[in-house]
Amino acid sequence: MSDEIINKIKINRVILITVDSLRADYDMLDNVRDVLFENVGSLLTFKVVYSNGPGTSQSFPSIMSSTPFLVHGDLRLKDGIPTLAEVLSQNGFYTIGFHSNPFLSRRFGWDRGFMEFYDFLGRYRSPAGLVVSSSGWKRFLINVLGKLLEGSSKKLWSIVNRVYYRIKGFNLPYIEARELNNYVLEWIRKNNNKLKRVFLWIHYMDVHFPFAPPDEYLSGTGFSNRREAFFYNYRLNFENPNPEIVSRLKKLYEASVRYVADNIAHLLEELSRYSLLDDSLVIITSDHGEAFLEHGKFGHAYDILYNEVLRVPLIIGGTFINSKRQIYDRPIQLMDLAPTIIDLIRAKKPIVFKGKSLARVLYEGSETNLYPIFSESAIPDLINLKYDTSRYIVSVVLGRWKLILDLIHSSVPMFELYDLAKDPNEKHNLFEEHKDVANDLIRLINLHLDNINKLKKFVENVLSLRLRLRKSLCN
Ligand SMILES: [Zn+2]
């Protein structure tokens with residue numbers, strides 16, 4: 001944007017709220033919009049937003065470092081790739097994060113750039129928490145088990161969870177929204193001096209499996225208490241999900257969304273009481289969706305890239321936004337968020353950030369051009385905490401068309417092509433009928449994969465140069 005325009009925008013607070021596993025069509029966030037509108041004055045709801053990956057580890061690299069998952073290819077953020085928090089802290093923002101997802105913990109480098117980072121790792125008791133936080137002999141044992149059972153880790157994972165909770169009893173595997181809010185608000189009360197220019201990231205886990213909202217949100221779900229709802233989740237066989245169980249779980253999911261929405265609205269009200277919504281940019285979104293058997297899968301399965309796992313809600317609020325609660329319906333991606341924030345605070349975008357700034361959309365009400373949106377995944381091994389990126393799946397969306405290249409379910413590429421305008425539920429594969437369209441999209445995916453390899457090499461060269469420099473300085 002021009003300097004003249006950008007100089008008019010004053011942002012001293014960036015508040016990023018992410019809800020794990022919240023699907024776009026479950027955007028039941030009207031109370032959140034009301035609070036935002038009351039306290040910020042202007043907001044924009046983005047209707048067609050793609051996550052760049054179907055799970056936390058595949059999506060968050062795009063949110064926090066505006067880079068594709070396959071560049072990282074791991075649960076760990078790749079060294080040498082700057083993060084949004086690093087850019088913001090270099091630009092005078094006090095950076096602080098609160099969440100309880102073990103796969104976003106400091107163990108995998110997600111604290112990079114945060115001056116204070118509360119991942120509560122070790123506090124929440126769950127198989128995932130144990131696997132991620134284990135070290136020493138426990139890690140060794142888990143690695144041995146993982147090596148012995150490689151290839152069946154999904155089945156193993158669900159057995160481990162079932163047995164674990166049978167022994168331990170009812171025990172939420174994350175910190176729930178109202179408790180997380182208390183931590184955030186307590187920190188705010190004690191740290192007034194750090195709030196002049198702040199980047200606050202809060203990630204809620206309540207919509208993530210297992211779905212077990214508090215008792216007061218259970219009406220209409222058929223469950224009488226939270227404990228009962230919690231254990232019902234573990235009746236599900238992930239490999240062969242029973243549709244009846246899934247439809248009851250969907251009700252619990254919906255109730256969990258209501259719970260988290262109330263807590264986001266409450267948090268925003270409180271932030272407003274501390275004047276933290278003044279001069280602010282507020283972003284509310286999710287990392288990916290959740291499948292309820294639309295294509296035979298349940299959960300945020302790593303091996304599908306259909307819209308039930310890719311489409312997410314997005315609301316952006318700020319006084320400078322040229323809109324009054326309007327809707328933006330051109331496709332955009334989560335990878336665009338970091339460049340947008342950086343543009344709006346007048347900082348320099350790192351060369352490796354691949355998303356596009358939406359600053360003009362927000363400030364001028366202009367429209368983005370159509371551009372290809374890529375999403376990726378590979379086969380995870382959650383026991384050994386790594387990905388097999390030789391077996392991947394990539395999708396590209398361009399306008400009405402979507403192509404999926406699948407190397408997870410087959411050793412030779414399998415293709416699916418959907419006309420999203422006529423077939424938004426992705427039921428009719430048109431690959432054979434529209435070879436011309438498919439070939440154009442395959443070319444785009446090949447280019448994207450080439451760019452990923454170039455980016456990986458570039459980052460590795462920068463890292464080895466840095467290492468050599470450091471060594472020569474030491475000598
Ligand atoms: Zn997630």
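The axes of helix 9 (residues 177-190) and helix 11 come within 9 Å and cross at roughly 15 degrees. Axes here are lines fitted to C-alpha atoms, for helices over the stretch in contact, with angles from 0 to 180 degrees between N-to-C directions. Helices (H or I, at least four residues) and strands (E, at least two) are DSSP runs, numbered from the N terminus. This is a predicted model: local features need pLDDT of at least 70, side-chain atom pairs count only at pLDDT 80 or more, and totals for chains, interfaces and linings use all residues. Residues are numbered from 1 along each chain as its sequence is written.

**Two partners of helix 11**

Helix 9 and helix 11 are therefore roughly parallel to each other. Angles under 35 degrees count as roughly parallel, over 145 as roughly antiparallel, 65 to 115 as roughly perpendicular and the rest as oblique. Helix 2 (residues 30-40) also meets helix 11 (residues 243-273). Helix 2 is roughly parallel to helix 11.

| Helix pair | Axes come within | Crossing angle | Handedness |
|---|---|---|---|
| helix 9 and helix 11 | 9 Å | roughly 15 degrees | right-handed |
| helix 2 and helix 11 | 8 Å | roughly 15 degrees | left-handed |

A crossing is left-handed if the near helix is turned anticlockwise from the far one by less than a right angle, and right-handed if clockwise.

Which residues of helix 9 meet helix 11? They are Ala-177, Arg-178, Asn-181, Val-184 and Leu-185. Their partners in helix 11 include Tyr-259, Asn-263 and Glu-270. The residues of this contact of helix 9 with helix 11 divide into six nonpolar, three polar and two charged. Ala, Val, Leu, Ile, Met, Phe, Trp, Tyr, Cys and Pro count as nonpolar, Asp, Glu, Lys and Arg as charged, and the others, Gly among them, as polar.

From helix 2, Asn-31, Val-32, Val-35, Leu-36 and Asn-39 meet residues of helix 11, among them Ala-261, Ala-265 and Leu-268. The contact of helix 2 with helix 11 has seven nonpolar, three polar and two charged residues. Two residues are in contact if their C-beta atoms, placed from the backbone, lie within 7 Å.

**An enclosed strand**

Seven of the seven residues of strand 6 (residues 198-204) are buried, so strand 6 is largely enclosed by the rest of the structure. A residue is buried if 20 or more other C-beta atoms lie within 10 Å of its own, exposed if 12 or fewer, and partly exposed in between. In a regular strand the side chains alternate between the two faces of the sheet. In strand 6, Val-198, Leu-200, Ile-202 and Tyr-204 point one way, and Phe-199, Trp-201 and His-203 the other.

Strand 6 pairs in the parallel sense with strand 1 (residues 13-19) over seven bridges. Thr-18 has His-203 as its bridge partner. Strand 6 also pairs in the parallel sense with strand 4 (residues 94-98), over five bridges. There, Ile-96 is bridged to Leu-200. Two strands pair if DSSP finds at least two bridges between them.

**An enclosed helix**

Eight of the eight residues of helix 13 (residues 337-344) are buried, so helix 13 is largely enclosed too. Its buried residues pack against elements including strand 1, helix 3 (56-65) and strand 7 (280-286). Arg-346 follows helix 13, with a positive phi near 65 degrees.

**A loop lysine**

Lys-297 sits in the loop between strand 8 (291-292) and strand 9 (298-299). Is Lys-297 buried or exposed? Lys-297 is buried, with 20 other C-beta atoms within 10 Å. Not counting residues up to four places away in sequence, Lys-297 touches Ala-291 and Ile-304.
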